[in-house]
Amino acid sequence: MRADESRRGVELLRRVLAGSGADPGRAEGVPVDPGPSGAPGRGSGGSVPASGPARPGADTGERGPAVRRPDAPWLAPETGGPAADDPLRHVVRMPARPGRTAEWPDWTPSSVREALTARGVDRPWAHQAEGAQRVRDGADVVVATGTASGKSLVYQLPVLAALTEDARATALYLSPTKALAADQLRALDGIAPDGVRPAAFDGDTPMEERDWVRRHCRWMFSNPDMLHRSLLPRHGRWSTFLRRLRYVVVDECHTYRGVFGSHVALLLRRLLRVAARYGAHPTVVLASATVARPAEFASRLTGRDVVAVTEDASPHAGRTVAFWEPPLLTEITGDNGAPVRRSAGSEAARMLGDLVLEDARTLAFVRSRRAAELTALGAQRQVADVDPALARRVASYRGGYLPEERRALEAQLMSGELLGVATTNALELGVDISGLDAVVLAGFPGTRASFWQQAGRAGRAADEALVVLVARDDPLDTYLVHHPETLVGAPVESCVLNPVNPYVLAPQLACAAAELPLTEADVDEVFGGEPAREVLGALVDEGVLRRRPHGWFWPETGEAPAARVDIRGAGLGQVAVVEAGTGRMLGTVDGGAAPGSVHPGAVYLHRGESYVVDELDLDQGLALVHPEEPDWRTEAQSVSDVTVRSAEHSRQHGPVGVHFGETTVTSQVVGYRRRTPDGRVLDQTPLDLPAQSLETRSVWYTIDPDALAAAGIDDARLPGALHAAEHAAIGLLPLFAICDRWDIGGLSTALHPDTGLPTVFVHDGHPGGAGLAERGHAVLARWLAATRAAVRDCECRTGCPSCVQSPKCGNGNNPLDKAGAIQVLDLVLTALAVDPSRGT
């Protein structure tokens, strides 16, 4: 049977449907063209909407239009639409796709070609050859193709060629984690020619080896933290390496977003500036998961013009992708009597058991170590009821196991001895596990890149695989299972960062001045111009830097600032999380996030292990915790106020005003709730924590009261309608900007003192803004259209956690008016469709 004729994925979905009591006949889906990147692209999407065809004219986000083929109807005639309690929402069938190869570039070193051929790589995929040639020609390149598409070869070929041809040349590889750098370094074993001498330089590198790396290594594998704290502050000791630097590789660049990404963007500018001081002008090569506008993002990250390679020519296994929304529970209610859904973890455990009984090798991705154990245990019990001997072939895999235990589990899974494994994202990256029969995701993993990384573990050359996304009780998950074209389609996420954030610029400019005095040319050409000049003026006024005719200088007697600048923090200081019984420091949290994440009574997760907070001392920057595995989770509740400082952009669309600018957010955590895994609220505990002030950026819209009245929203309903629209919008922004709903906040009010009108704000949760509100402003119409669709499509009557309720609402999700939110969003979207130049 040819790969594209396999129906293995459909048959496995039939089993899952039967296990839930749904009609197995509904497993059929619409075949779609996988597109150049392994997932249906812009203009090539398609699916079976299990709840019926999409509503005409519904704008459901940033994606390509679904294709309705005459030979592949939306619903198979014999299946029809689902019952109200049927959990299957959509099915997409993605046929296998063959790869397209190209010839080896003629400059490829013969030893490298022979080594790769010996590993089974007879010829490169077409996108690998294209990207490698562009890099060889001197272009700065970002390769943004699908999971397991061989992005590494795009930089390996030109780097190895350059290091072979020039015995003095050097290269630098940067990754967000030490583990990824170690994996990439191991991949060069047997490929790198003699004399290249690749080596790691990270926090685990012994001191005696660091001198060898500095003197002799020609391809160094490191991370931004070591570049920031060790190499650049002591660049004089690295002058030989920097003078000969030909290539800088930035791997998994999509992880550099938000505040961390803004720091890394300025860190790369510092690196390129110091390299230029030694006469080097290296080519930059970036590798990224599939994201929206990769060239634009990579250019903003590096400060250079970057070209993108996005057409994926690697082969792609066939898959059936199912979108699953757990049914509402009748015996449990949430806030204000709202319905609660069966948990995604419970559904995943049942599916894992069903698939193991079908002899399908399956991974179930869950959120925490404890969830991995519970999911595996639930599946084992289910399997044991049918075949006790089969239960031992189900296990969990998570961080915290000994290395030999993990290797044994991996080998058992690959050999087929293990059939079912419940895992955290520990099996998402860095472990060569693929070719499985099925993958179940208990909740959207946060980004489209992670979704396809996890889904990519399923799929063999000759058999179609099954991928099931099980929605959590969350607006974003709800939206995705009702609108799969935003996932199985064009990239919907943009990596956002803000290199001119003054809270990031100030420490980075101080570090840069300590490395080399800053000149006017540096300010204009490297660090962003006027925003940097304003920050430098403030640093001079504070005595941090000195201004001289030739530029800005770090005081010679001052200690280098890099050691005190946390590139992964938000600029409000750090709170240390310490185990009270042992004095062991588990980690740190940003000072601004501490009241919401490590308040007294909070459940704090560290590497999948859970702790309960005993005490939080913000003045001392200390949170004391003890280990505990409670049968509940905590949700902080906060209240906030927003003051408008300045509006950078304002435009009027008839009765609706749209604004983006600088705001001050005053927030206070006032209590927390304890919830059971199935969503029930156990109790609510008040807290007495100080209010915090945050200078950040917001996007907001105002509405004329007369227009609201004309739409049928009277004064009594207005607060609940705006409040519900605000909550839903916060839940959907991560669809358009890679972030978490906890990275953003909001406020809605029927009369805001700064606008004098009914107003809805959504703000960045980071000092100075991380680009999230700015991204929301840029895609406001698409974002609010997706928000409206999520609220409208949720089957609850008056509002629930899947649409308009927020887990962090300090007002106990009261008042909320779901129908009013739809009316508000319809009014705003209608206004945004009017050309503002017409003055109406």
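# Strands, buried spots and a cavity

Q: In this predicted model, how many bridges join strand S8 to strand S9?
A: Strand S8 covers residues 245-250 and strand S9 covers residues 283-288. The two run parallel, and the number of bridges joining them is four.

Q: Which residue of S9 is the bridge partner of Val250?
A: S8 takes in residues 245-250, with S9 at residues 283-288 as its parallel partner. Looking across to S9, the bridge partner of Val250 is Leu286.

Q: About what angle does the direction of helix H4 make with that of S8?
A: Helix H4 (residues 151-165) packs on the sheet, where it touches strand S4 (141-144), strand S5 (170-174), strand S7 (219-222), S8 and S9. Taking the direction of H4 against that of S8, the angle is about 165°.

Q: Which strands stand at the edges of the open sheet?
A: The open sheet has seven strands, paired in parallel and ordered S6-S7-S5-S8-S9-S4-S10. An edge strand has a single partner strand, so one side of it is left without a neighbour in the sheet. The strands in that position are S6 (198-200) and S10 (307-309).

Q: What does the twist average from one strand to the next?
A: The strands in question are the seven of the open sheet, S6-S7-S5-S8-S9-S4-S10. Going from one strand to the next, the twist averages 20°.

Q: Is Glu252 buried or exposed, given its relative accessible area of 17%?
A: Glu252 sits in the loop between S8 and helix H9 (258-277). Its phi is near 50°, a positive value in a residue other than glycine. The cut-off for buried is under 20% relative accessible area. Glu252 has 17%, so it counts as buried.

Q: With which residues is Met351 in contact, leaving aside its neighbours within four places in sequence?
A: Met351 belongs to helix H11 (residues 344-357). Its relative accessibility is 0%, so Met351 counts as buried. Its contacts beyond those sequence neighbours are Val16, Trp324, Val440, Val468 and Val470.

Q: How far apart in space are the C-alpha atoms of Gly591 and Asp619?
A: Gly591 lies in the loop between strand S22 (585-590) and helix H19 (594-597), and its 10% relative accessibility makes it buried. Along the sequence, Gly591 and Asp619 are 28 residues apart. From C-alpha to C-alpha, the separation is 10.0 Å.

Q: Which elements give two or more residues to the lining of the largest cavity?
A: The whole structure has three cavities of 30 Å³ or more, and the largest has a volume of about 50 Å³. Among its lining residues are Trp700, Val762 and Trp783. The elements giving two or more residues are strand S29 (692-703), strand S31 (759-764) and helix H23.

Q: How many residues in the lining of the largest cavity are nonpolar?
A: The lining includes Val699, Tyr701, Ala729, Phe761 and Leu784. No polar and no charged residues are found there, and the nonpolar count is ten.

Q: Which peptide bond is cis, with omega near 0°?
A: Look at the loop between H23 and H24, where Pro815 has its place. Asn813 lies in that loop too, with a positive phi of about 55° although it is not a glycine. The cis bond is the one from Asn814 to Pro815.

Q: Which residues does Ser806 contact, leaving aside its neighbours within four places in sequence?
A: Ser806 lies in the loop between helix H23 (780-793) and helix H24 (818-832). At 6% relative accessibility Ser806 counts as buried, and Asn813, at 2%, counts as buried too. The contacts of Ser806 are Arg673, His727, Arg741 and Asn813.

Technical notes
Residues numbered from 1 in each chain as written. Predicted model: local features only at pLDDT ≥ 70, side-chain atom pairs only at ≥ 80, totals over all residues. Heavy atoms only, no water. Pairing = 2+ DSSP bridges. Axes fitted to C-alpha atoms, helices over the stretch in contact; angles between N-to-C directions. Contact = heavy atoms within 4.5 Å. Buried < 20%, exposed > 50% of the residue type's maximum accessible area, 1.4 Å probe, protein only. 1 Å grid on protein atoms, 1.4 Å probe; cavity = no way out; pocket = protein on both sides within 12 Å on 5 of 7 lines; lining within 4 Å. Points joined across faces, edges and corners; volume = space filled by probe spheres on them. Nonpolar A, V, L, I, M, F, W, Y, C, P; charged D, E, K, R; others polar.
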